[in-house]
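Subject: Structure handover and notes

Hello,

Here is the structure I said I would pass on.

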Amino acid sequence: MEMSKGLGQDFAIQTFDQQLYAVSQVKWSMPEVFQSNILRLGGFHTLSCFIACIGKLWADGGLRDLMVDSGVYAGCTVDQMLLGKQFNRSVRGLTLVYEALRSLWFASFFKWCEENDGIDAIPKDVWVMLSKCQAKFSDESESYKDVLNELTILYTTHVLPLTVRFRNWGYLESPTFKYWDMFLNAVEVHVKHQTFVKTSIHTWHI
């Protein structure tokens, strides 16, 4: 704390791995001594715990069966993955499931748009920029970033409001839709946190 105060910081932030973090919880039994200390679980163990939470909520709801019956992973491997172990496999497995479900999500979304006159609300510029973005997907030049930024603006302005309406409709129509949409949101949070760990984008971490 003396070093932190010497630098003009009122609080000291300590980051631990899981074992030391468990031991450091002595802070809560001595709050007057450690009131200026902020404890943080390290990025890797935070992500591992988050994966375990995903496994707790969705494994028995069909996630385990989806990963095993698809033939991608063996049953024992999936059990370990959904406990937050075998980290790299867990991340890849959740990403594969996310991509598959998100594709189905968008297929249902566009079908809903056709049935509710939503397609006409999406300007042609969106489809043009999607094509350009796909064509430049492997290109890391500034032109790709410009296309991606323009597509993001168009999506946020014209498509995102429709996805909100679609999601609200889905939540009312089907508890199963809501259940798996929450899974998609959880995986997105995991991916953003993983990006923060690598790039230190603090707003994503918060």
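The notes below go from the whole chain to the core, then to one helix, and then to the aromatic rings.

This is a predicted model, in which local features need pLDDT of at least 70 and side-chain atom pairs count only at pLDDT 80 or more, while totals for chains, interfaces and linings use all residues. Residues are numbered from 1 along each chain as its sequence is written, and side-chain values use heavy atoms, with hydrogens and water left out.

The whole chain

The chain has 9 helices and 2 strands. Both kinds of element are DSSP runs numbered from the N terminus, with helices being H or I runs of at least four residues and strands being E runs of at least two. Starting at the N terminus, the order of elements is α-β-α-β-α-α-α-α-α-α-α. The chain has 206 residues, and 32% of them count as buried. Buried means under 20% relative accessible area, exposed means over 50%, and partly exposed lies in between, using a 1.4 Å probe and protein chains only. If we take the contacts (heavy atoms within 4.5 Å) between residues at least 6 apart in sequence, 60% join residues at least 24 apart.

The nonpolar core

A nonpolar core is a set of buried Ala, Val, Leu, Ile, Met, Phe, Trp, Tyr and Cys residues joined through side-chain atoms within 4.5 Å. In the largest one there are 38 residues, and those with the most contacts inside it are Ile54, Trp58, Leu63, Met67, Phe109 and Phe183. Two or more residues each are given to this core by helix 3 (43-69), helix 4 (75-81), helix 5 (87-115), helix 6 (124-135), helix 7 (142-173) and helix 8 (175-199). Helix 5 supplies the largest share, 10 residues. As background, nonpolar side chains in soluble globular proteins tend to be buried together.

Ile54 is in helix 3 and counts as buried because its relative accessibility is 2%. Ile54 and Phe183 are 129 residues apart along the chain, yet their C-alpha atoms are separated by 7.6 Å.

Phe183 lies in helix 8 and is buried, with a relative accessible area of 0%. With neighbours within four places in sequence left aside, the contacts of Phe183 are Ile54, Trp58, Leu63, Leu94, Val97 and Leu101. From Phe183 to Trp58 the distance is 125 residues in sequence and 7.5 Å in space, C-alpha to C-alpha.

Helix 3 also holds Ser48, which is buried at a relative accessible area of 9%.

Helix 6

The expected span of a helix is 1.5 Å times one less than its number of residues. For the 12 residues of helix 6 this should be 16 Å, and the end C-alpha atoms are 17 Å apart, which agrees.

Which residues of helix 6 are buried? They are Val126, Met129 and Cys133. Seen down the axis of helix 6, the buried residues fall within an arc of 70° (taken from the directions from the helix axis to the C-beta atoms), so they line one face of the helix. The face turned away from the buried side of helix 6 carries the exposed residues Lys124, Gln134 and Ala135.

Aromatic rings

Rings of Phe, Tyr and Trp (its six-membered ring) pair if their centres lie within 6.5 Å; planes under 30 degrees apart count as stacked, over 60 as edge-to-face, and the rest as tilted. The whole structure has 17 aromatic pairs. The ring centres of Phe106 and Phe109 are 6.2 Å apart and the planes are at 85°, so this pair is edge-to-face. Both residues lie in helix 5, 3 residues apart, or about one turn of the helix. Phe106 is partly exposed at 26% relative accessibility, whereas Phe109 is buried at 0%. Phe109 also forms a stacked pair with Trp112, at 6.4 Å centre to centre and 25° between the planes. Both Phe109 and Trp112 are buried.

One aromatic cluster includes Trp105, Phe106, Phe109, Phe110 and Trp112, among others.

Regards
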